[in-house]
Amino acid sequence: MGGLYTNTVAPVTATASEAGSKTGEATVSSILGIIATGDASIATAAKNGGITKIKTVDYKSFNILGIYATYTVVVTGE
C-alpha cells in the first residue's frame, strides 16, 4: 500500500480454465479508516455479474491518504 495513493489490482485465485465471459464486482468503501460499509464477498460479486460458475477472483485496492478507500472483489465466470 502506498502511503499517499494506492491503485492496485491483484489475483486471489483462479481455476485451470480461462477467464469467463461474465464479470461481477462487489465493493467496500471506507472513510478516514473509521467508517467502512459494503459487501465485497465473492458470492455478492458473482451474484452481481449473474455468474454461477466462478473461474477467477481478483481484487482492486484504491486509497487516497487514508481519507477515502475502496476494496473491490472482481469475479469472472459463466
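## Sheet architecture

Two strands are taken as paired where DSSP finds at least two bridges between them. In this predicted model, five strands form an open sheet on that basis, in the order β1-β4-β5-β2-β3, and their pairing is antiparallel. Strands β1 and β3 (35–38) stand at the edges, each with a single partner strand, so one side of each is left without a neighbour in the sheet. From one strand to the next, the twist averages 15°.

The protein contains one helix and five strands, and these elements follow the pattern β-β-β-α-β-β when read along the sequence. The C-alpha trace spans about 40 × 20 × 15 Å along its principal axes, and buried residues make up 32% of the 78 residues.

## Confidence of the model

The mean pLDDT of the protein is 92, with 99% of the residues reaching 70 or more. Among the elements, helix α1 (residues 42–48) has the highest mean pLDDT, at 98, whereas strand β1 (residues 5–14) has the lowest, at 90.

## The β2–β3 hairpin

Strand β2 (residues 22–31) pairs with β3 in the antiparallel sense over four bridges, and within this pairing Val28 has Gly38 of β3 as its bridge partner. The two strands form a hairpin with three residues between them, and Leu32, which lies in the turn, has a positive phi of about 60°.

Ile34 also belongs to the loop between β2 and β3. Its relative accessibility is 67%, and because exposed means over 50%, Ile34 counts as exposed.

## A nonpolar surface patch

Both Leu32 and Ile34 are members of a nonpolar patch on the surface, which also includes Leu4, Tyr5, Ile31, Ile35, Ile64, Leu65, Ile67 and Tyr68. Together, the residues of this patch have about 1,000 Å² of accessible area.

## Salt bridges

Side chains of opposite charge can pair when their charged atoms come close. With a limit of 4 Å between a side-chain nitrogen of Lys or Arg and a carboxyl oxygen of Asp or Glu, the count of salt bridges comes to two.

In one of them, the side chains of Lys60 and Glu25 meet with an N to O distance of 3.2 Å. Lys60 lies in strand β4 (residues 54–64) and Glu25 in strand β2, so this pair ties together parts that are 35 residues apart in sequence. Both residues count as partly exposed, with Lys60 at 33% relative accessibility and Glu25 at 38%.

The other salt bridge joins Glu78 and Lys55, whose closest N and O atoms are 3.9 Å apart. Because Glu78 lies in the segment after β5 (68–77) and Lys55 in strand β4, the pair ties together parts that are 23 residues apart in sequence. Glu78 counts as partly exposed at 33% relative accessibility, whereas Lys55, with a relative accessible area of 16%, is buried, since the cut-off for a buried residue is under 20%.

Technical notes: Residues numbered from 1 in each chain as written. Predicted model: local features only at pLDDT ≥ 70, side-chain atom pairs only at ≥ 80, totals over all residues. Heavy atoms only, no water. pLDDT = per-residue confidence, 0-100. Axes fitted to C-alpha atoms, helices over the stretch in contact; angles between N-to-C directions. Patch = residues over 30% accessible without salt bridge, like charges linked within 9 Å, V, L, I, M, F, W, Y side chains within 5 Å. Areas by Shrake-Rupley, 256 points an atom, 1.4 Å probe, with all protein chains shown as cover. Buried < 20%, exposed > 50% of the residue type's maximum accessible area, 1.4 Å probe, protein only.
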